Amino acid sequence: MSTTATDPTEELSDARRRVEAWCQSLVDAGDAHWRVRDDGRTELHMASGETFLFGDSGVTRLKPASRHLDNEPSDPIRSTRSTS
């Protein structure tokens, strides 16, 4: 049997580099800007109003987009959750 071993840390680092590079391309295009918080953590602020926090193990959306079309929910993720 042939097996291939991969280092999950290496895969995570590669994925993180790709995400950060894509986010930097948004900054370079003028669609976002970086902010370093007082605690040293990094946020990405989008022109749409969305804010994302970059943590050690992932990215968290802190604030949904502030611009939306009429009849479109301001937070589509929250609007699809059941309230019962």
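Visitor: In the hairpin of strand 1 and strand 2, which residue takes a positive phi?
Guide: The model is predicted, with local features needing pLDDT of at least 70 and side-chain atom pairs counting only at pLDDT 80 or more, while totals for chains, interfaces and linings use all residues. Residues are numbered from 1 along each chain as its sequence is written, and side-chain values use heavy atoms, without hydrogens and water. Strands (E, at least two residues) and helices (H or I, at least four) are DSSP runs numbered from the N terminus. This hairpin has five residues between its strands, and the one with a positive phi, near 90 degrees, is Gly-40.

Visitor: What is the strand order of the open sheet?
Guide: Two strands pair if DSSP finds at least two bridges between them. Strand 1 and strand 2 are antiparallel over five bridges, and strand 2 and strand 3 are antiparallel over four bridges. The four strands of the open sheet have the order 1-2-3-4.

Visitor: Why is strand 2 largely enclosed by the rest of the structure?
Guide: Buried means under 20% relative accessible area, exposed over 50% and partly exposed in between (1.4 Å probe, protein chains only). Strand 2 is largely enclosed because the buried residues among its five number four.
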